[in-house]
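User: I would like a close look at one part of this model, followed by some account of the whole around that part.

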Amino acid sequence: MKRIAVCAPGTPITSADAARVEQLAKREFPALQLDFHPQCFADSGHFAGPDDMRLGALLACANSAADAVWFAKGGYGSNRIAAQTVEALGRRKSDQQWFGYSDCGYLLAAAHKHGFARAVHGPMPVDIRREGGAEAVRRALRWFAGEPDGLEPALTHRPTVAFNLITLAMLCGTRFLPDLAGHVVLIEEVAEHLYAIDRLLFHVTEHLRGIAGLRLGRLSAIPENDRPFGTEPEEMARDWCERSGIPFLGRADVGHDADNKIVPFGLAADFARS
């Protein structure tokens, strides 16, 4: 039986969310054991408990016998415990998978850089709330069970990473961003104005010179500005890639939605062989 430890490095989920995910897993994936850490339901203002509680839960999950650590939810907060996570785990090498997306990209980036876990972008338990969210959760559970049918369909022989755009922008220039030379970088975003997306693309492309290419996922829930920006996201991405000498490789099937596909950091084939 594979063990999946669940914690919330940023913001909390509810016990009802966890119950729905557990029921689905028990019914359809009996070979998986999900262990939701009580910290997932902690409430400390914006966060799922104070920093030391979230860090303690993450390290407890990481140091357990779990085959994977599944992040329950994104939401701002995981960057606040990234340095302590690297300090505690940075010298170990592990095949344990860390699985999530959005704000959890800070921890995925650190894991990919230091090798203390194998980072994977993919659906989280909180996605059970979305329309079609049960299928998103199934996609993750199938991956844990060894079925790779939920992979982003255009993954190639080149190493790949996937990030929320603003998370990637915040990582640029920090000690947590891995060397992405030769990588294909997938980006997605939610709830940012078009002018903000353009500004973020300016920033990240300046830091990503030398990557194998950029692919643009879905940009959803874009707020309406007081005046039209006049440029659509794909045009922006193509423009900033051209300015920075980065190949624009088209669209990607990732985003803040129930259709969000799985992207192992590095080579997907390496995960299939493990």
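In which sense do strand S1 and S2 pair, and over how many bridges?

Analyst: This is a predicted model, and what follows should be read with that in mind. Strand S1, which covers residues 2-7, runs parallel to S2 in their pairing, and the two are joined over five bridges. Within this pair, Lys2 is placed opposite Leu32, a residue of S2. The pair belongs to an open sheet of six strands with mixed pairing, in which the order reads S2-S1-S3-S4-S5-S10. One edge of that sheet is strand S2 (32-36) and the other is strand S10 (263-264), each of them pairing on one side only.

Among contacts with a separation of 6 or more, 79% are made by residues 24 or more positions apart. Along the principal axes, the C-alpha atoms occupy a box of roughly 50 × 40 × 35 Å.

As for burial and surface, 56% of the 274 residues count as buried, while the accessible surface amounts to about 11600 Å², with 50% of it belonging to carbon and sulfur atoms. The charged side chains comprise 30 positive and 34 negative ones, and the centres of these two sets are 4 Å apart.

Methods. Residues numbered from 1 in each chain as written. Predicted model: local features only at pLDDT ≥ 70, side-chain atom pairs only at ≥ 80, totals over all residues. Heavy atoms only, no water. Buried < 20%, exposed > 50% of the residue type's maximum accessible area, 1.4 Å probe, protein only. Contact = heavy atoms within 4.5 Å. Areas by Shrake-Rupley, 256 points an atom, 1.4 Å probe, with all protein chains shown as cover. Lys, Arg positive; Asp, Glu negative; His and termini not counted. Charge placed at Lys NZ, Arg CZ, Asp CG, Glu CD. Pairing = 2+ DSSP bridges. Helix = DSSP H or I, 4+ residues; strand = E, 2+ residues; numbered from the N terminus.
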